[in-house]
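Work through the exercises below with the structure at hand. Try each task before reading its solution.

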Amino acid sequence: MTKPPRKSSKPLLRESDAPVRGQPRRRRDPAQPNLLLDPMPARIEPCLALLRAKPPRGDNWVYEIKWDGYRLAVHIEPTGIRILTRGGHDWTHRFPAIKVAAMWLPVGTAILDGEAVVLDEQGRSDFGLLQQSLGGRGGKKMSSDAIFMAFDLLYFDGHDVRKSELDVRRHLLEDLVPAGEQGDIRLSEEIEADGGQLLASACEHGLEGIIAKRRDAPYRSGRLGDWLKIKCIQSDSFVIVGYERSTVARAGIGRLLLAARKGKKLVYVGGVGTGFNERSAAELREQMDKLIIGKPAVDTGRKRNAVFVNPKLVAEIEYRAWTHDGKLRHASYKGLREEQDNAAVYELK
């Protein structure tokens with residue numbers, strides 16, 4: 001005689017008409033806070049640094065090296081990795097090594113704020129090398145040389161941490177990206193030092209400058225003074241409004257004609273004739289010849305052999321000072337800014 005099947009000890013395998021009961025749930029301790037998950041922002045406007053001539057004083061300020069590259073936000077999401085420019089454009093495909101490094105970080109969801117840079121042989125960030133690795137302005141190349149220097153954490157495992165003090169955010173960031181690691185995502189380390197001495201040391205080593213940040217400040221989008229930048233050499237973005245032809249210079253460019261903003265207008269601030277190599281000069285000429293116009297967009301004064309262009313291109317320029325009549329002194333060309341980078345053009349006061 002066939003024996004009836006034995007009843008399973010596993011509740012989910014019992015007869016269909018038998019009730020399935022779980023263990024009674026323990027009541028929540030009212031003293032324990034509810035940690036509700038925050039929705040992950042699709043994009044966060046970055047906190048920007050105000051330019052200052054000297055480092056601030058006081059124990060409430062911490063310092064970092066100023067990196068010379070492209071500001072990026074790395075979003076680690078359940079659906080994958082997104083790498084966004086300062087202007088909100090998706091450049092994930094252009095930084096494959098940074099994407100892979102982000103996938104290996106020990107976190108479920110996060111938003112890291114930082115800078116994509118290419119380092120020279122001395123370990124200094126070089127904007128020109130970064131531009132070359134991406135194929136120049138408007139280029140479509142992927143950069144295998146760029147690394148991501150992370151300096152802030154805005155979202156962490158389901159929680160928006162922007163309201164937390166910088167010290168708290170940095171503590172969480174250092175758990176994700178430990179100091180001293182040499183991967184494609186690295187920590188931009190805080191430096192405990194006197195601001196003036198640190199600036200002098202940075203300048204001595206050929207760095208662009210330093211950043212000062214308030215320890216107790218939350219993360220606030222915009223240029224509100226929580227972060228300050230102090231530069232060794234002035235470096236800002238200017239609009240190209242034309243160029244002077246040359247029969248001896250590379251690609252026939254003798255000098256770029258530059259403008260800054262003053263309110264809603266552009267104002268001519270002089271030119272730059274150094275800093276080009278054969279490659280960058282050829283790229284410049286190709287870009288500018290697509291934008292030639294008959295009349296100058298700004299008053300540049302009398303210029304011999306000048307070609308004027310629609311003010312669409314933005315160049316990063318190093319310079320030492322300003323002349324008494326508002327022109328750049330000892331200027332040198334560093335590279336073209338990408339449109340997606342949304343670089344702020346220098347504003348005259």
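**Exercise 1. The largest pocket**

Which residues lie nearest the centre of the largest pocket, and how many residues line it?

*Solution.* The model is a predicted one, in which local features need pLDDT of at least 70 and side-chain atom pairs count only at pLDDT 80 or more, while totals for chains, interfaces and linings use all residues. Residues are numbered from 1 along each chain as its sequence is written, and side-chain values use heavy atoms, with hydrogens and water left out.

Step 1. The lining of the largest pocket holds 36 residues, and A49, R86, R223, K229 and K231 lie nearest the centre.

Step 2. At least two lining residues come from each of β1 (50-51), β2 (61-65), β9 (209-214), β10 (227-231) and β11 (234-245). Helices (H or I, at least four residues) and strands (E, at least two) are DSSP runs, numbered from the N terminus.

Step 3. By class, the lining has 14 nonpolar, four polar and 18 charged residues. Here Ala, Val, Leu, Ile, Met, Phe, Trp, Tyr, Cys and Pro count as nonpolar, Asp, Glu, Lys and Arg as charged, and the others, Gly among them, as polar.

Step 4. The volume of this pocket is about 980 Å³. A volume is the space filled by probe spheres set on the grid points, which are joined across faces, edges and corners.

**Exercise 2. The second largest pocket**

State which residues lie nearest the centre of the second largest pocket, and describe its lining.

*Solution.* Step 1. D126, F127, G128, L129 and K334 lie nearest the centre, out of 30 lining residues.

Step 1. α2 (127-133), α5 (278-289) and β19 (332-336) each give at least two residues to this lining.

Step 2. The lining divides into eight nonpolar, 12 polar and 10 charged residues, and the pocket holds about 640 Å³ of space.

**Exercise 3. The largest cavity**

Find the element that gives the largest share of the lining of the largest cavity.

*Solution.* Step 1. One cavity of 30 Å³ or more is counted, and the largest cavity has a volume of about 90 Å³.

Step 1. Its lining includes R43, R71, L72, A73, L84, D113 and Y219.

Step 2. β3 and β4 each supply at least two of the lining residues; the largest share, three residues, comes from β3.

**Exercise 4. The nonpolar core**

Which residues touch the most other members of the largest nonpolar core?

*Solution.* Step 1. A nonpolar core is a set of buried Ala, Val, Leu, Ile, Met, Phe, Trp, Tyr and Cys residues joined through side-chain atoms within 4.5 Å. Buried means under 20% relative accessible area, exposed over 50%, and partly exposed in between (1.4 Å probe, protein chains only).

Step 1. The core has 31 residues, and V74, I76, F95, L112 and I185 touch the most other members.

Step 2. Elements giving two or more residues to this core include β3 (70-77), β4 (80-85), α1 (96-103) and β5 (110-117). The largest share, four residues, is that of β3.

Step 3. Apart from this core lies another, of 24 residues, among them F238, Y243, L313 and Y319.

**Exercise 5. Confidence**

Over which residues does pLDDT stay under 50?

*Solution.* Step 1. pLDDT is the predictor's confidence in each residue, from 0 to 100. The chain has a mean pLDDT of 88, and 89% of its residues reach 70 or more.

Step 1. The stretch under 50 is residues 1-25, for which the model has six contacts beyond four places in sequence. Where pLDDT is low, the predicted coordinates should not be read in detail.

Note on methods:
On a 1 Å grid over the protein atoms alone, a cavity is a set of points where a 1.4 Å probe fits but cannot get out, and a pocket is an open set with protein on both sides within 12 Å along at least five of seven lines; lining residues have an atom within 4 Å of a point. Contact means heavy atoms within 4.5 Å.
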